[in-house]
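Let's take a walk through this structure together. Keep the sequence and the 3D view open as you read.

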Amino acid sequence: MAVVEFCVEETITGTEAAQIPKQRGDQLLDSAVRYAEERHWDVFPGTWLEAAEGVEHCSCGDAACPSPGAHPSRPDWATQATGSAVAARRLWSKQPKASILLPTGRTFDAIDVPESAGFLALARMERMELTLGPVTCTPDRRMLFFVLPGAGVKVPDLVRKLGWTAASIDLITRGEGHYVAAPPTRVGGHGAVQWARRPTPANRWLPDAEELISPLAYACGREAASARLRRS
């Protein structure tokens with residue numbers, strides 16, 4: 001049986017990184033269904049962007065929303081998340097503009113790092129020929145590396161063994177009780193979440209956090225040190 005390659009959004013390569021596609025309801029619905037159907041990820045619809053007088057606002061109604069159009073729309077979002085493609089289609093058919101949010105701590109966790117450190121680590125990992133999972137790049141200049149569940153428990157201790165604390169190098173683990181926004185979700189007027197490494201059959205099996213933490217922590221530590229020098 002032929003393997004169909006999974007592709008939901010443009011991968012960031014070179015100048016294409018700046019070409020942020022317009023978010024459309026059909027793209028969101030199709031993407032949410034494919035995440036559930038082809039990747040077996042739980043998905044749930046979040047808030048969305050509404051235009052008023054030429055300005056886009058979050059559907060939550062908070063003018064100072066820190067993540068406009070890309071956060072849960074209800075407190076029980078964890079119970080709303082579904083791995084059923086049929087249910088996902090029904091949810092986004094009701095609200096086609098809703099963001100696509102993925103709960104972490106179920107089929108994957110995510111290691112969240114500054115974008116500059118993320119690209120540095122990504123280049124090093126590729127030279128080391130490490131097995132990588134999908135990686136997203138967000139409009140607020142963060143990169144999220146998808147890893148096996150359980151990273152939230154392991155990572156703080158792994159980072160300490162390398163000589164840092166996760167907080168001091170701006171390395172965040174998103175596990176149980178958290179979520180991430182998936183492409184092609186747009187966040188306010190800042191742009192869309194995009195794939196730095198998109199989901200494919202080749203990366204269906206995710207790496208353990210322990211396999212990636214050294215290059216990630218090294219890159220974050222280097223960036224943190226550079227930031228301290230710039231401030232001094």
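Which residues of the largest nonpolar core touch the most other members? Before we get there, a word on the ground rules. This is a predicted model, where local features need pLDDT of at least 70 and side-chain atom pairs count only at pLDDT 80 or more, while totals for chains, interfaces and linings use all residues. Residues are numbered from 1 along each chain as its sequence is written, and side-chain values use heavy atoms, with hydrogens and water left out.

Now for that core. A nonpolar core is a set of buried Ala, Val, Leu, Ile, Met, Phe, Trp, Tyr and Cys residues joined through side-chain atoms within 4.5 Å. Buried here means under 20% relative accessible area, exposed means over 50%, and partly exposed is in between (1.4 Å probe, protein chains only). The largest core has 27 residues, and the ones touching the most other members are I111, V113, M143, F145, V155, L171 and L216. Two or more residues come from each of β5 (109-114), α4 (115-127), β6 (135-137), β7 (142-147), α5 (151-161) and α6 (209-231). These labels are DSSP runs numbered from the N terminus: helices are H or I with at least four residues, strands are E with at least two. The top contributor to this core is α6, with 8 residues.

Have a look at L216. Setting aside neighbours within four places in sequence, L216 is in contact (heavy atoms within 4.5 Å) with I111, V113, A121, M125, F145 and L171. Apart from this core lies another one, of 23 residues, including A32, Y35, A98 and W195.

Next, how do α4 and α6 pack? Their axes are 8 Å apart, at an angle of about 140°. Axes are lines fitted to C-alpha atoms, for helices over the stretch in contact, and angles run from 0 to 180 degrees between N-to-C directions. That makes α4 oblique to α6, because angles under 35 degrees count as roughly parallel, over 145 as roughly antiparallel, 65 to 115 as roughly perpendicular and the rest as oblique. On the α4 side, the contact includes A121 and M125, and on the α6 side it includes L216 and Y218.

Time for some charges. A salt bridge is a side-chain nitrogen of Lys or Arg within 4 Å of a carboxyl oxygen of Asp or Glu, and by that rule the count is 12. In one of them, R174 meets D112 at 2.8 Å, N to O. This pair ties together distant parts of the chain, with R174 in strand β8 (residues 172-174) and D112 in strand β5, 62 residues apart. D112 is buried at 3% relative accessibility, whereas R174 is partly exposed at 22%.

Another salt bridge joins D157 and K161, whose closest N and O atoms are 3.5 Å apart. The two sit 4 residues apart in helix α5, so about one helical turn separates them. K161 is exposed, at 64%.

Most residues other than glycine have a negative phi, and most peptide bonds are trans. The bond from P183 to P184, though, is cis, with omega near 5°, and P184 is in the loop between β9 (179-181) and β10 (194-197). H40 has a positive phi, near 60°; find H40 in the loop between α1 (25-39) and β1 (44-45). E129 also has a positive phi, near 60°, and lies in the loop between α4 and β6.
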